[in-house]
Amino acid sequence: MNSNSALVPLADLLVVDDTPDNLRLLSTMLSEQGYKVRKVMSGPLALRVVSVASPDLILLDINMPQMNGYEVCEKLKADPRTSQIPVIFISALDDVWDKVRAFEVGGVDYITKPFQCEEVLARVKNQLTLRWFSKQLSDQNIRLQQEICERQQVENALRQSEAREREKSQALELTLSELRRTQSQLIQSEKMSSLGQMVAGVAHEINNPVGFIYSNLFIARQYFQDLSKLVELYQKAYPNSTPEIQEIIAELDLQFLKEDWQKMINSMQVGAERIQEIVLSLQNFSRLNKSDLKPVDIHEGINHTLEILQYRFRAESYSHRVSCPEIEVIKEYGQLPKVTCYVSQLNQVFMHLLSNAIDALENQPPPRRITISTEVGTGEWKEDREKENLSKDKDKYTQYVVIRIADNGSGMSENVQKQIFDPFFTTKAVGSGTGLGLAICYQVVVEKHQGQIRCISAPGEGTEFIVEIPIAQEYLLSEGH
Ligand SMILES: Nc1ncnc2c1ncn2[C@@H]1O[C@H](COP(=O)(O)OP(=O)(O)OP(=O)(O)O)[C@@H](O)[C@H]1O
Ligand SMILES: [Mg+2]
């Protein structure tokens, strides 16, 4: 098989012709070229031979008794097992329609008798090469498809394992955030209980000395009044006393001393009262262990917290900070019923919100203002509860108090707002903020009291925190929420 022998392996040919001479001539000629040649003399015989072992090419005569070449070819093409075998027609018919018909029924070539040996060989070789290449192509195609299939399987497996990994990492993230929450709760309760103990201790220690200063002031005032009465009596009885006494009276400016002493005692009394108020606030604020639910006046809690933070509202400088202008606190309190809540925890919420507001006002130009407003809610809460379908008896949930704490400070970007309730999120300098304040507020308001906390803010436009606490707390908790 000359030039293509390297590519095309020894081919198996089938020659079909009812004329023995033709058959012999063709088969000798092809055998001499190295092809393996099978010969049959009729169409049905040809189909049987092909069904036993498929040849690589068929040379098919058209004019045959019993079954002509076209019919044989049609049958071969109709069977998927034999449809790929190339068929070259060999015929004495030279009409163009015969040739057209030959191609129509699936022939690949047409040789007219009498034929030239070289022509037959060239056409056979041509078809065999074509078939070989097309087989290579289809093999390659199959291999490629297999490869694609395998890759898809690998890809699917990868995707599945990726999904599994993602699930795992989500679960881990959840655990981590749960851990952080627990950690922040622990730190907070530790912090608050030690702070509470310290505050309670300090308040107690101050309370006693202030108590006796306050009560002695009353007696001191009385003593002084008695003494000054005595001096007046002396002056009346002895208007012309000794020059020495006259001199001392002039020196002391007795009249001024009497007036100033009154003023001093008064301001000492105001100061002592103030200390007593602060002590009371500290004691109220630090009732940390008394965490039982009870009905309280929310305004009292806010006022105590404001009292404790008083020093930060004043205009003068405090601690290491430079002097800041005064912060004006505007109270717009509405009529509130008593709210059943964990009072010390709610006080902590007010403390954190107010501290944050004060921090946000630092370095802001006057007027620096914090507005605290309260009211009984009228619908928002109810809607939410209804949406969540948490109760059959929704009226119980419609009563809630709304506390708004607004400042005209620095405000927050949207990005910051998204993270403020995350434990340990802070924009403050290292050491000056733990980032727990709002996380605690969230826990206390949402988890402890089934309330809501949210904020409205924009950079440069201040911030408003809105806290909503259901009034019927006991009812909520007894239902196990
Ligand atoms: N009123 C506010 N105005 C502007 N930013 C605020 C306000 N309140 C909170 N923030 C922002 O939210 C962050 C988180 O507040 P949070 O109270 O949780 O922590 P912190 O104040 O930074 O630290 P900590 O309260 O633990 O000392 C703050 O760092 C601040 O960026
Ligand atoms: Mg804070």
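1. Let me start with Gln66, which sits in the loop between β3 (57-61) and α3 (69-78); helices (H or I, at least four residues) and strands (E, at least two) are DSSP runs, numbered from the N terminus. Its phi is near 70 degrees, a positive value in a residue other than glycine. Gln66 counts as exposed, at 71% relative accessibility; here buried means under 20% relative accessible area, exposed over 50%, and partly exposed in between, with a 1.4 Å probe and protein chains only.

2. A word on conventions: this is a predicted model, in which local features need pLDDT of at least 70 and side-chain atom pairs count only at pLDDT 80 or more, while totals for chains, interfaces and linings use all residues. Residues are numbered from 1 along each chain as its sequence is written, chains are lettered from A and ligands numbered from 1 in the order in which they are written, and side-chain values use heavy atoms, leaving out hydrogens and water.

3. Asn363 also deserves a look in your backbone check: phi is positive, about 65 degrees, although Asn363 is not a glycine. Asn363 belongs to the loop between α9 and β9 and is exposed, with a relative accessible area of 68%. That loop, between α9 (343-361) and β9 (368-376), also contains Pro367, and the peptide bond joining Pro366 and Pro367 is cis, with omega about 0 degrees.

4. Another cis peptide bond runs from Lys113 to Pro114, with omega near -10 degrees. Pro114 is in the loop between β5 (109-112) and α5.

5. For the overall picture, the chain has 13 helices and 12 strands. Of its 481 residues, 37% count as buried. Among contacts (heavy atoms within 4.5 Å) between residues at least 6 apart in sequence, 70% join residues at least 24 apart. The chain exposes about 28,400 Å², with carbon and sulfur atoms supplying 55% of it; these areas come from the Shrake-Rupley method with a 1.4 Å probe, and for residues only the protein chains shown count as cover.

6. How many salt bridges are there? The count comes to 20, taking a salt bridge as a side-chain nitrogen of Lys or Arg within 4 Å of a carboxyl oxygen of Asp or Glu. One of them pairs Arg24 with Asp21 at 3.3 Å, N to O. These two are 3 residues apart in helix α1 (residues 20-32), so about one helical turn separates them. Asp21 is exposed, with a relative accessible area of 53%.

7. Lys258 and Glu232 meet in a salt bridge of 3.1 Å, N to O. This pair links distant parts of the chain, 26 residues apart: Lys258 in helix α7 (residues 254-285) and Glu232 in helix α5. Lys258 is buried at 16% relative accessible area, whereas Glu232 is partly exposed at 38%.

8. Glu468 lies in strand β12 (residues 463-470) and Arg454 in strand β11 (residues 452-457), 14 residues apart. Glu468 is buried, with a relative accessible area of 1%, while Arg454 is partly exposed at 29%. Elsewhere, salt bridges that share partners join Asp17, Asp61 and Lys113 into one network.

9. The structure holds 5 aromatic pairs, where rings of Phe, Tyr and Trp (its six-membered ring) pair if their centres lie within 6.5 Å; planes under 30 degrees apart count as stacked, over 60 as edge-to-face and the rest as tilted. Among them, Tyr234 and Tyr238 are stacked, at 6.3 Å centre to centre and 25 degrees between the planes. Both count as exposed: Tyr234 at 52% and Tyr238 at 55%. The Phe421 and Tyr442 pair is tilted, because the centres are 5.5 Å apart and the planes at 50 degrees. Phe421 lies in the loop between α11 (414-419) and α12 (437-448) and Tyr442 in helix α12, so the pair ties together parts that are 21 residues apart in sequence.
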